[in-house]
Protein chains: 2
Amino acid sequence: MGKIITIGREFGSGGREVGKKLAEELSFAYYDKELVEKLATETGLDSNYIERQSEQYSATAFPYVVGRTFLSLNTITSQMSTSLHVAQNKLLKEIAQKENAVIIGRCADYILRDFDVLKVFVHASDSDYKIKRYAEREEDKEKTVKEIEKEIRRVDKHRASYYQQISGQKWADMSNYNLCIDTSKVGVDGAVAIILAAVNL
Amino acid sequence: MGKIITIGREFGSGGREVGKKLAEELSFAYYDKELVEKLATETGLDSNYIERQSEQYSATAFPYVVGRTFLSLNTITSQMSTSLHVAQNKLLKEIAQKENAVIIGRCADYILRDFDVLKVFVHASDSDYKIKRYAEREEDKEKTVKEIEKEIRRVDKHRASYYQQISGQKWADMSNYNLCIDTSKVGVDGAVAIILAAVNL
């Protein structure tokens, strides 16, 4: 059985970058969008379809007509993607059985609860930090701060909803994680160093 | 201005022990009950009175007749102890001005929000860990597991109420802390090592 580190994260906090660097430092496999490709191969489903179903799916692109409330979004998502989640759960467990890996999002902390997992959550208490990180991305140079804030809230709302739907638990609640790190205080490299200290205990 | 590490903690999680060991490792001052004595000297108030007013005060000993609800407990506490909190805030800021210190509880993360503080919260996701720690304390050998669970819930409820009252924010909400550590996963010494990694960034 492999060593697994799951990383939940607020949008814009740098959790993905933390995970990527951590995987490099530890020579662990890294799964984020890589899971989508693996799932596409295994299920025969289109990778775009899978991405839309996954918690990675940007909430900006979610059709508003589907429903204006949190609840209806939940219900419709769950009707659409049950079989896909079954396949994803199976894949996550196979990974945990055979290799050391860093896994981003996907409610992996809950799905792999029977494995020996270090459950990390990366957030940023200073929202300016998230806005700055977001604004630095080339493709979003046109967005106003207000639009970025709205986008961050929307993606996090989608992640919270996804997490709640799969686990029945509250997203970003410290009691679900072993280590919660504020990148706006310690930075991405700092978060990596802190997680390494926990891994090397 | 000193380096300050504040440690909020769930009852039974070992947060106090983490803080004590951390202060020793770093050769920082350590303030827990030490604050009570300092306050007694400065205010001329009785240290027992101060302890009853502080968030350290065990909720078991709180007179039920004061009020059966959370709200009335809050109200009465705040009426009784405003001047004491003013003195405590002043003392905490004096400490932060002049020395490196580890400070346990007392909403110090909020009170010292304008200082450069590493805000830590220590919790234990496995409640058995907290029960075991509690049961190991000599004086509590007679208590049943059910009684211990009740006591843990009661003390944490009191701490949450105190924190909410002083800061207007939710206790044990990760967004208020830079680092949240689950001692039931990493142990007390592990938590110390993780915080040291954050301090030494």
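Helices (H or I, at least four residues) and strands (E, at least two) are here DSSP runs, numbered from the N terminus. With that in mind, select chain A and follow its elements from the N terminus on, where they run β-α-β-α-α-α-β-α-β-α-α-β-α; chain A has eight helices and five strands.

Before going further, note that this is a predicted model, in which local features need pLDDT of at least 70 and side-chain atom pairs count only at pLDDT 80 or more, while totals for chains, interfaces and linings use all residues. Residues are numbered from 1 along each chain as its sequence is written, chains are lettered from A and ligands numbered from 1 in the order in which they are written, and side-chain values use heavy atoms, with hydrogens and water left out.

**Chain A as a whole**

Of the 201 residues in chain A, buried residues make up 51%. Contact means heavy atoms within 4.5 Å, and among the contacts in chain A between residues at least 6 apart in sequence, 74% join residues at least 24 apart.

**Two helices that cross**

Next select helix α6 (residues 127-135) of chain A together with α7(A), whose axes come within 10 Å and cross at roughly 105 degrees. These axes are lines fitted to C-alpha atoms, for helices over the stretch in contact, and the angles run from 0 to 180 degrees between N-to-C directions.

Now show the side chains: α6(A) contributes Lys130(A), Ile131(A), Tyr134(A) and Ala135(A) to the contact, and α7(A) contributes Val145(A), Ile148(A), Glu149(A), Glu151(A) and Ile152(A). By class, this contact of α6(A) with α7(A) has six nonpolar, no polar and three charged residues, where Ala, Val, Leu, Ile, Met, Phe, Trp, Tyr, Cys and Pro count as nonpolar, Asp, Glu, Lys and Arg as charged, and the others, Gly among them, as polar. Stay for a moment on Glu149(A), which is partly exposed, with a relative accessible area of 32%; Glu149(A) and Tyr134(A) are 15 residues apart in sequence and 9.5 Å apart in space, C-alpha to C-alpha.

**Aromatic rings**

How many aromatic pairs does the structure hold over all chains? There are eight, where rings of Phe, Tyr and Trp (its six-membered ring) pair if their centres lie within 6.5 Å, with planes under 30 degrees apart counted as stacked, over 60 as edge-to-face and the rest as tilted. Select Phe121(A) and Tyr177(A), which form a tilted pair at 4.9 Å centre to centre, with 50 degrees between the planes. This pair links distant parts of the chain, 56 residues apart, since Phe121(A) is in strand β4 (residues 117-123) and Tyr177(A) in the loop between α7 (145-167) and β5 (179-182) of chain A. Phe121(A) is buried at a relative accessible area of 0%, and Tyr177(A) is buried at 1%.

Turning to chain B, you will find Phe121(B) and Tyr177(B) in a tilted aromatic pair, at 4.9 Å centre to centre and 50 degrees between the planes.

For a charge over a ring (NZ of Lys or CZ of Arg within 6 Å of the ring centre and within 35 degrees of the ring normal), select Arg113(A), which lies over the face of Tyr110(A) at 4.0 Å from the ring centre.

**Across to the other chain**

Select Met174(B), placed in the loop between α7 and β5 of chain B and buried at 3% relative accessibility. Leaving aside neighbours within four places in sequence, Met174(B) is in contact with several residues of chain A, including Phe121(A), Met174(A) and Tyr177(A), and also with Cys180(B).

**A last stop at the backbone**

Most residues other than glycine have a negative phi. Select Cys107(A), which is not a glycine and yet has a positive phi of about 60 degrees; Cys107(A) is found in the loop between β3 (101-104) and α5 (108-111) of chain A, and counts as buried at 3% relative accessibility.

Note on methods: Buried means under 20% relative accessible area, exposed over 50%, partly exposed in between (1.4 Å probe, protein chains only).
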